[in-house]
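This briefing concerns the structure shown below.

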Amino acid sequence: MYQLTPDDAKLLPEFLQRERKDFSLELRCVLNRLRLVPIAGREVIVAVEPNKTYRLARMGAHRGQPVGYIDDRLFTDHKRAEYEILKMRWRRLTGLPLAAE
Amino acid sequence: MKIIGYPAELIRRPGDRAGFMVSTDGITAFDAELVRIHCGDSRENGPGFKETAVESCRRKSVPGRKQETEIGSCMIVQPGPGIPDGDIGFVLNVFATTPTKGRQTLLARWVEARKLGFRLGIDQGSMVEAEIGDGSGAVFTLALPLPIAARRWATIGFGLSGESGRVVLQMKSADVSGLGQELVAAAGEGPRLGTKAASLALSFAAHGTGRESVPRMAGFFNGRLESPVMLARLPSTADIDAYQAHGPERVARPAALWGFGRDFASSRVAEATGSAPEAQLVNLPARGVTGSRWDGTSQKFLENPAHYRAVHFHDDDLEDCAWEESFHFDLPKDLPSGIYAAKLTVPGAEHHVVFLVEERAGMNRHDVAFLASSVTYLAYSNEHYDFDDPNMEMKNGMVSTFEPSDLYLNEHRELGLSTYDRHSDGYGVFYSSARRPLFSMMVKGRAWALNADTHITDWLAARGLGHDLISDHAVHAEGLSRLSRYKVVVTGTHPEYWTTAMWEAMTRYLASGGRLMYLGGNGFYWRTAIHPEKPWLIELRRAETGARYWDSEAGEAYMNFTGEFGGLWRRSAVAPQKLVGVGTVATGFDYSSYYRRRPESEDARARFVFAGVEGEVVGDFGSIGGGAAGSEIDRADPWLGTPAHALILARSEGHTRQYNLVPEETPFHHPTINGEEAEKCYADMLFFETPGGGAVFSTGSISWAGSLAHDGYANNISRITENVLLRFADPAPFPAPPPGGGSAELRRTRIDQGNEFYAGIDRRV
């Protein structure tokens, strides 16, 4: 499994700056690692208004348990919502700060 | 969701009675109207949601109430004279798949509300236990000293004396490939039941609650039971040994034997001695699964039924929601065939209960038929993989995003699983039922399955191209006669699941001058079965290989509905390349790409396809990933049967790293199986003639239809599709192709293709 390092933090802002298809291989490694998290408690997105408005949420502890909202923020940009979740996972997995965006 | 429902029958015909089952939450009445769905995609970048009402079919203030669903499978034997009331015993094999999940019932004559009867089960600590209650409220419990192991066969004996109250329990490993285990036993004295439980049903894999309404059963067992033997006495170790060594039919003096090694498609289980009632399987537990004696010498249940006399029960099996009908519409006799819905409205909410109206057998109103992928729609209902599969986010390359209907489905597991899911014990789901709300047929949701197919029906309507709708189920049931009334058959975006009868019908149609437009990707992929007596049920096995969300267990590749080998068509019989020229090569769900025309598009045989189309690149736009070539893509392969005279008119390029070759395309994995680096990761747009003046046009891409509406339908994908449709609808036969007239790469022999690898002639820079 890819091991996240403090230097990887500076790669994350690329997520917002580039189209997905243009992501560097280095960023892809980081993203893949951030996606390798257990389902229980995994951060997800809820499209409260499909294709328009998004909220950050968290999976339940067991199969069939409700998804719970993380906070009150509303996003109209799906990629921005996704970035917030990736940052949460980064902090959770590494305990390290992120580079300024 | 405040209101939800399903059609009594998924597919209706003009003039039919169409009933609907509806459940409401906190709402006492709703309105209903029949609408035709032209486009179900409500996204801003799609064609927009389009429906028209059928004025003659409206209902006002239909009473609404919450309807409950009983989920979980079991087996029931109705009370009768064949079930002993004095001494009674049982010997059976048990394969527990979730022994730690909590209280589960193996067999019972028990009513929970009264604590009456007897019950054999697994307790909170995975111990096999017996409970005896005389209805006074007190329960005698006897447990074995060792827990039952997970996923290991064990023979269990259980008995009690109605007169003396003596209870015995025994367990011995029956794992033919394991190291064995000494017999463990326990005995005690419980209440004397006499005939107090005589009116109770005998149940297996669950017990009765005593309620008149849902839930009527509880304590659902996850795992397999093997042919239970009932005795009119307490079992002995000799009975355990006889069952293990020689099988259930060799246990001495049985009072009943419900043998699971026959009638594999049936929910009725015959009683072999003739002295006790037959049993009824409830909620579709899995059949055609390996039993304790299976040793790999046979892979097919019909070949050696004694190795397959097991039934796999799950606490999340569902055959039929069995809701009461809420209302019906009498469909007009002149109703055009198409995708319809009962549109249910309440203040602040609406719900479309989608169903199909197809032409009556022996009738057609147009020369063009849209073949609705009704079997595929069922296979996808009701998928939970975004919630339950840890790799879905990796596969999508995007954080999972749920819509409100997804959240509802996640929390309402009683609506059952899809063939993409695993049961709660980790085993794959074989079956899907149409008798429940079908989330894969919902409109205004994701552009996938039926909703994506409305891009085609929308385009046909927008371009004024008259068409009938026919269904997979009709082709399955009626064969060639259902297809042969049409000059052209147009598929949906993802006709993935095909039964043998469907495949044979399409082969015969194409062999006799039919014309097929395959406007999708990952089509003709999984061999599927429709239940011979219950057409609302489908079955499949994920055998051998293929892009799949679970693997069939060893020895379980054959479908119990039909006895056919399941899995990919490519691995079980015929590859799709032989039928439509292309077959699945890769999947990916971030970006879709475009096609680049090839010189073959100028060939006189196929010039009509690109008439009026300028430029080399087509389909670099669209509402599914931004291109016409994407999501799941197919390519030509002469090895797998693409006709040598086929013309590859265009080929996609520039797929992303999120695309990966399907397993059958790369028998061993290596670093260059992604869309950026793989040698053959592309969709082929292909044309070839069939005997009798017929033809096939294939796009090999799920996202094709998402490009049809771009720029007000004035785009090259729309133009190509219309060019093909109009030519295919023209009765003028396609001339037989000249010898050697196909794309050069298709004309090589099998040996030549081997040389290809050495020459690297596909590695063009």
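B:Pro215 is located in the loop that connects strand S16 (207-208) and strand S17 (217-218) of chain B; helices (H or I, at least four residues) and strands (E, at least two) are DSSP runs, numbered from the N terminus. The peptide bond leading from B:Val214 into B:Pro215 is cis, with omega near 0 degrees. The model is predicted: local features need pLDDT of at least 70, side-chain atom pairs count only at pLDDT 80 or more, and totals for chains, interfaces and linings use all residues. Residues are numbered from 1 along each chain as its sequence is written, chains are lettered from A and ligands numbered from 1 in the order in which they are written, and side-chain values use heavy atoms, with hydrogens and water left out.

**Other backbone features**

- A cis peptide bond also links B:Ser381 to B:Asn382, with omega about -10 degrees; B:Asn382 belongs to the loop between helix H2 (374-380) and helix H3 (385-388) of chain B.
- B:Ser61, a residue of strand S5 of chain B, has a positive phi near 50 degrees although it is not glycine.
- B:Ser61 is exposed, at a relative accessible area of 53%; buried means under 20% relative accessible area, exposed over 50%, and partly exposed in between (1.4 Å probe, protein chains only).
- B:Phe524, likewise a residue other than glycine, has a positive phi near 55 degrees.
- B:Phe524 sits in the loop between strand S33 (515-518) and strand S34 (526-530) of chain B, and counts as buried at 0% relative accessibility.

**Overall form of chain B**

- Chain B contains 13 helices and 43 strands.
- The radius of gyration of chain B is 29 Å, close to the 27 Å that the globule rule gives for 765 residues, so the chain is as compact as a globular protein of that length. The radius is taken over C-alpha atoms, and the rule is 2.2 Å times the number of residues to the power 0.38.
- The C-alpha trace of chain B spans about 90 × 70 × 45 Å along its principal axes.
- Of the 765 residues in chain B, 63% count as buried.
- Among contacts in chain B with a separation of 6 or more, 73% are between residues 24 or more positions apart; contact means heavy atoms within 4.5 Å.

**Nonpolar cores**

- The largest nonpolar core has 124 residues, and those with the most contacts inside it are B:Met506, B:Met685, B:Phe697, B:Trp704 and B:Phe728. Such a core is a set of buried Ala, Val, Leu, Ile, Met, Phe, Trp, Tyr and Cys residues joined through side-chain atoms within 4.5 Å.
- Helix H9 (residues 500-511) of chain B supplies the largest share of this core, six residues.
- A second, separate core of 57 residues includes B:Ala96, B:Ala206, B:Leu225 and B:Phe260.
- B:Val489 lies in strand S31 (residues 488-491) of chain B and counts as buried at 0% relative accessibility.
- Not counting residues up to four places away in sequence, the residues that B:Val489 touches include B:Leu371, B:Met506, B:Tyr509 and B:Leu516.

**Helix H1 of chain B**

- In helix H1 (residues 237-246) of chain B, the buried residues are B:Asp239, B:Ile240, B:Ala242 and B:Tyr243.
- Viewed down the axis of H1(B), these buried residues fall within an arc of 165 degrees, so they line one face of the helix; the arc is that of the directions from the helix axis to the C-beta atoms.
- Strand S7 (87-96), strand S12 (153-161), strand S13 (166-173) and strand S18 (223-231) of chain B are among the elements covering the buried residues of H1(B).

**Strand pairing**

- Five strands of chain B form an open sheet of mixed pairing in the order S2-S26-S25-S4-S5; two strands pair if DSSP finds at least two bridges between them.
- The edge strands, strand S2 (11-12) and strand S5 (50-63) of chain B, each pair on one side only.
- Strand S4 (residues 29-39) of chain B runs antiparallel to S5(B) and is joined to it by nine bridges; B:Val35 stands opposite B:Ala53 in S5(B).
- Five of the seven residues of strand S1 (residues 43-49) of chain A are buried, so this strand is largely enclosed by the rest of the structure.
- S1(A) pairs antiparallel with strand S2 (residues 53-58) of chain A over six bridges, and the two form a hairpin with three residues between them.
- S1(A) also pairs in the parallel sense with strand S28 (residues 401-402) of chain B over two bridges, where B:Thr401 is the bridge partner of A:Ile45.
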